[in-house]
Amino acid sequence: MFKKLPGDETRRLVSTTPDTAVVFRPAVVHTPAIIAILIYVCRVLAGLVRLVWKHPIALAVVVTPGVIWYLYGWPWVLALVNAVVAAGSIWTLFDRASFRRVITLRLLAFWRCFWVYRRHWQPVMIVSGLGRHLHGRDYLPRLVKVTCDDWADVVTVKMLSGQAVEDWTDRTDHLAHGFGATSCRVTVAKAGRLVLTFPRNDPLAAPLPSLPVPASAEVGPVEIGRCEDGSPWRLNVHGTHVLVAGATGSGKGSVIWSTIRALLPAVRAGLVELWALDPKLMELSYGRALFGDRYAATPEKCADLLKEAVRVMQERAARFAGVRRSHTPTAEDPFILIIVDEVAFLTAYQPDRQLRQEITAALATLTTQGRAVGVGVLAALQDPRKEVMNIRNLFPDKIALRLDESEQVDMVLGEGARDRGAHADLISPCPDLGAGVGYVRLENNPDPVRVRAAYVSDADIRDMVAEYAEWGEAA
Ligand SMILES: Nc1ncnc2c1ncn2[C@@H]1O[C@H](COP(=O)(O)OP(=O)(O)OP(=O)(O)O)[C@@H](O)[C@H]1O
């Protein structure tokens, strides 16, 4: 009777006498050789059709020389190869970028699809738990296509039916290391399809020197560093509020100073005012001449400056009511950027309870009502816990630099940010490798973007003061 049971049925066997061994021999059905051969031939034919359908150009590149050789002899093949190389060289000479886009990156994608992804697909999927090996068959997510851009491989995947996006975001480490990349980012392309991004090289690996001060007055998004795809990192401070969180030495200063640097021409043009709150008396004091009398270091003066900002904000709100709904910086109503270094000194560590409450209330008022009337807050802090900064959710844009714990990433960037690839807790503590590196999640984009702020050195700040401060170095 046991001989007739198929594989899984053995699990249901119960032996009432434990010392009695149950001997099980699965039924073996012999497939006739002709059927096995037919199945293999069908598979090979289907594979060939798929190959022609999916890679016609690559196939043509391989097959055409063979056919020419066969029909006309090898000198013609040599002539063809020479002609192709000459055409490619001329193309590169005249338009390197389009040659790279149309030829180099496509060949690279073809090669990496074959050599990296297809070759390792089955073991990586099975070991990471994203695929299953059941009853002798592999059930794997489908590798749909691989494309390459200048810095990363972009792999489109069809998930197995019943899989959730979290199944993939939980395994980004397995995927990254399985395919020889340092990280993996998961985004949803459409229902059932994901796009995995594997960086090939890291444009943020080396520190970036300070960027040149813009030639013209800019109040819109200002360039303060570089994104991981090599494009400029533009931070918007007008019309929003920005919170920068990072452990000590993570490079918060470089975000603040790069922003100040990019706004200097607009400050000179009278379109922007920089107000600085520097309770640590360290970061901003170095360039305090840039802030004129809008600089405060003691908690009392910080509270006064914030109250003054609230007053200006309310006065503008009363004037703008019913006339305009958004702010355009002008000499009469410049954009006011309130920069707060280590905001927790004022909202949590301040022993005077009354002062602490006044400051928190002023910051909450500014962050809830300020952006429409041209008052923005750029605040930095080390510890993002709610007890330390209970108004952190009032900042629409957040930047997470190196953080001490993985839980802090979602505290700063919002639920699910770490799962989506914002590994701010894994950023190197070595300043050359990790200072100024972080992740941003902007109001209109749920996917975190890895960025690095340019480093504004003390000498740069001195130069900025000498050139842009109203009172120059004398202040
Ligand atoms: N963008 C950057 N690129 C390279 N190195 C940087 C960058 N920013 C900062 N550093 C280096 O890291 C050190 C610490 O930076 P910084 O003082 O800005 O950190 P922080 O986050 O403000 O720290 P703290 O909270 O203790 O003030 C700097 O002295 C500098 O050497």
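**Burial, helix packing and the ligand shell**

Glu342 counts as buried, with 21 C-beta neighbours inside 10 Å. A residue is termed buried if 20 or more other C-beta atoms lie within 10 Å of its own, exposed if 12 or fewer do, and partly exposed in between, with C-beta atoms placed from the backbone. The structure is a predicted model, in which local features need pLDDT of at least 70 and side-chain atom pairs count only at pLDDT 80 or more, whereas totals for chains, interfaces and linings use all residues. Residues are numbered from 1 along each chain as its sequence is written.

Glu342 is located in the loop between β12 (335-340) and α9 (344-347). Helices (H or I, at least four residues) and strands (E, at least two) are DSSP runs, numbered from the N terminus. Although Glu342 is not a glycine, it has a positive phi of about 50°.

Met389 is placed in the loop between β13 (375-381) and β14 (397-400). Beyond its neighbours within four places in sequence, Met389 is in contact with Val343, Ala344, Thr347, Ala348, Leu381 and Pro384; two residues are in contact if their C-beta atoms, placed from the backbone, lie within 7 Å. Met389 and Thr347 are 42 residues apart along the chain, and their C-alpha atoms are separated by 6.6 Å.

UniProt lists residues 230-410 as "domain: FtsK" in an unreviewed entry. UniProt positions are given in the numbering used here, feature names are shortened, and annotations may be inferred rather than shown by experiment. Residues 230-410 are 35% helix and 18% strand, with end C-alpha atoms 25 Å apart.

Two helix pairs were examined. In general, two packed helices are described by the angle between their axes and the distance between the axes. Axes are lines fitted to C-alpha atoms, for helices over the stretch in contact, and angles run from 0 to 180 degrees between N-to-C directions. Helix α8 (residues 299-320) packs against helix α10 (residues 353-369) at an angle of about 30°, with the axes 9 Å apart. The crossing of α8 and α10 is left-handed, a term used if the near helix is turned anticlockwise from the far one by less than a right angle (right-handed if clockwise). Among the residues that make the contact are Ala303, Leu306, Val310 and Met313 of α8, together with Leu355, Ile359, Ala362 and Leu366 of α10. The contact of α8 with α10 has 13 nonpolar, 2 polar and 3 charged residues; Ala, Val, Leu, Ile, Met, Phe, Trp, Tyr, Cys and Pro count as nonpolar, Asp, Glu, Lys and Arg as charged, and the others, Gly among them, as polar.

The second pair comprises helix α2 (residues 56-72) and helix α3 (residues 74-94), which pack at an angle of about 145° with axes 7 Å apart. Pro65, Ile68, Trp69 and Tyr72 of α2 meet Trp74, Trp76, Val77 and Leu80 of α3. The residues of this contact divide into 8 nonpolar, no polar and no charged. An unreviewed UniProt entry places the feature "transmembrane region" at residues 20-40 and 52-70. The span 52-70 is 95% helix and 0% strand, and its end C-alpha atoms lie 21 Å apart.

The ligand is surrounded by 16 residues, of which the closest are Pro207, Gly251, Gly253, Ala435 and Gly436; a residue is near a molecule or strand if its C-beta atom, placed from the backbone, lies within 6 Å of it. This shell divides into 5 nonpolar, 9 polar and 2 charged residues. Helix α7 (residues 252-268) provides the largest share, 3 residues. Under "binding site", an unreviewed UniProt entry lists Gly246, Ala247, Thr248, Gly249, Ser250, Gly251, Lys252 and Gly253.

Thr248, in the loop between β9 (242-245) and α7, is exposed, with 11 other C-beta atoms within 10 Å. Lys252, found in helix α7, is buried, with 27 C-beta neighbours inside 10 Å. Not counting residues up to four places away in sequence, Lys252 touches Val244, Gly246, Ala380 and Leu401.

Gly421 lies in the loop between α11 (407-413) and α12 (431-434) and is buried, with 20 C-beta neighbours inside 10 Å. Apart from neighbours within four places in sequence, Gly421 contacts Thr172, Ser183, Arg185, Val186 and Pro448.
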